[in-house]
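Visitor: I am new here, and I keep hearing words such as core and cavity. Could you walk me through them?

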Amino acid sequence: MKRFSERSKTRLAFASVLGLAILAMPAQGHAQDADAAEAADAVDERHVWDLTAFYPTKEAWEAELERLRGEVDTLDAYQGRLENDAATLLAALDASSAFNREMTRLWTYASNQRNTNLGDPAGQEMVGRLQALWQAAGAEQSFMLPEIVAIGEERIESFIAEEDGLQKHAHGLRNTLRQGEHTLSPETEQVMTLMSTALSASQNARDLLANAEIDWPRITLSTGEEAHLTPSGYTLHRQAANREDRIAVFDAFWGTWREYESTLGATLNGEVQANVATATARNYDNTLQYFLSGDNIPEAVYRTLVQVTNDRIDVLHRYFALRARMLEIEDLGYHDIYPAMVETDLTFPIDETRDHVLASMDVLGPEFSQQFAEVSQERWMHVFPQAGKRSGAYMSGAAYDVHPLILLNHLDDYNSASTYAHEWGHGMHQVLTNENQPYELADFSIFTTEIAAIAQEILLQEHMLEQAETEDERLYYLGYALEQMRGTFYRQVMFSEFELAIHEAVERGEALTGARMTEIYGEILRRYHGHDEGVMEITEREMIEWAYIPHFYFNFYVYQYATSIAGAAYFVEQLNTGGDEARETYLNFLRAGGSDYPLEILRDAGLDMTTAAPYNAVIDRMDSVMDEIEAILDARGD
Ligand SMILES: [Zn+2]
């Protein structure tokens, strides 16, 4: 199962710093770890995105870049004057917004172009030039946050009351005031901005090594087929029906990662050190608090999630026991996690995938369906794998004035279909947001948009279950649902625990090497998989898995998968039972975009994420899916 992923916006995020948040770059978008395979044959142009709506040519992109470069020096024009009056504040924020808006468009074009051909130095170069400009622009505007904080709440509120134009900036202004105590002096803010590229060097090194330089092993499967175990080859072959093949895949793939344990330990340590240093410089109690503060999420959400999950780890162990029963395996191992518990020869070519997803949207109303029917025919997607293409899938929606882009690596299996639904969940969230919010309030949080994405996946599952023609088909989709709850809930909480553990180790002053990370990860992996209880054997081999997970560079990001599937399950239940009112509530949640803090937007839609209830709800759902599967198996005498 895929579904950890999504690239964080955190370090790169706008959220915490107004629409003027030039201090940060937009991320690639919302990604997944699925993957690129090799080589594409001739591809239907309908399935390759058309970037000409962004810029008709690369020359036009260059020209716009040069124009903005010429404007950088004017960005500090309002320095020292923000406190003058509401009109001056508005002019400064609008100027900043306008600059940022164009930069984002440049970035979206360059980074997405690069991502379809990572080996092409021209793409890297475009992104590099933009990073340099972004950094310069950030430095020019670093006066804004401290000035706003210095003006203070009372005066800012009176400006907002008196100047209508400030309405669209109000949430950002209040958010900046909220984080005021963590805003440093103008000189220090400037230093932080200048350091930002250096602080992301570890992640860049890791990405290059993993995506372009490691020489992935080739093995011959029992079928005689040669398997090239790139990360995408791994995700394909780890689900092999033949157990010996899976074992061979695991031996070769994890063996290769193990060769880089020290190097990847050094890059991840570099990332953690950068995070801890930044959190300390900004006067946070700890790194977790720092990264959650951008979205105004209390630490308790994270810690409650981990606690509830550990309290109910037996439900995950029940799932592994059921898996062992269905696969007829006595000595379940980590290599037995991925094969489908029920074989299926169903395929999901891209056009049929779209039809299924469209059909699954009935509950969202005719207007929503119609809109999806239209936009999904546009050339907004890069659908198939090709050499050098970034792995996984994501939606890139930061270019407010153009349209979202969706990168997939579609392989015609159900997982790819579900990924399609997921990314279009993000895509439609962006479309509805852009229709209903100004640019300044369109940058929704990962915390909310993941709920929209996973809800779309659950709707697809329900649709497929409804139209399933055989018991085996039903079992397939139920098994898939279970696996999604393992992969999106339990596995992500496990990652969250590891991420917290390595940051806390550095906060305590401990040395963090690759070997030490393997040790920490191994303990957590064994606990979640019931190694000591004899549920599943975890060996030394797979304890290197942390090295393979890019998300540990995404700043306390993955816990949101777990909170998201909880939120998604809640909303789908509401949609199924609540009629027109529930539908309108849900659509309003999508339309709200980034107009408030995520927890507030969800609270307005009736969902309180600070309690244990949503997490218990997902776990309960997992239990009931298992009841359903076991009932079918028992009736059959399997
Ligand atoms: Zn997503």
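Guide: Here are some questions about a core, a helix and a cavity. This is a predicted model, where local features need pLDDT of at least 70, side-chain atom pairs count only at pLDDT 80 or more, and totals for chains, interfaces and linings use all residues. Residues are numbered from 1 along each chain as its sequence is written, and side-chain values use heavy atoms, with hydrogens and water left out.

Visitor: What makes a set of residues a nonpolar core?

Guide: Its members are buried Ala, Val, Leu, Ile, Met, Phe, Trp, Tyr and Cys residues joined through side-chain atoms within 4.5 Å; buried means under 20% relative accessible area (1.4 Å probe, protein chains only). The largest such core has 150 residues, and Trp257, Phe489, Phe498 and Trp546 have the most contacts inside it. Helix α19 (residues 471-507) gives the largest share, 17 residues. Helices here are DSSP runs (H or I, at least four residues), numbered from the N terminus.

Visitor: Which residues line the second largest cavity?

Guide: Leu316, Arg486, Tyr490, Arg491, Met494, Tyr528 and His529 do. On a 1 Å grid over the protein atoms alone, a cavity is a set of points where a 1.4 Å probe fits but cannot get out, and lining residues have an atom within 4 Å of a point. α19 gives the most to this lining, with 4 residues.

Note on methods:
Buried means under 20% relative accessible area, exposed over 50%, partly exposed in between (1.4 Å probe, protein chains only). Helices (H or I, at least four residues) and strands (E, at least two) are DSSP runs, numbered from the N terminus. On a 1 Å grid over the protein atoms alone, a cavity is a set of points where a 1.4 Å probe fits but cannot get out, and a pocket is an open set with protein on both sides within 12 Å along at least five of seven lines; lining residues have an atom within 4 Å of a point.
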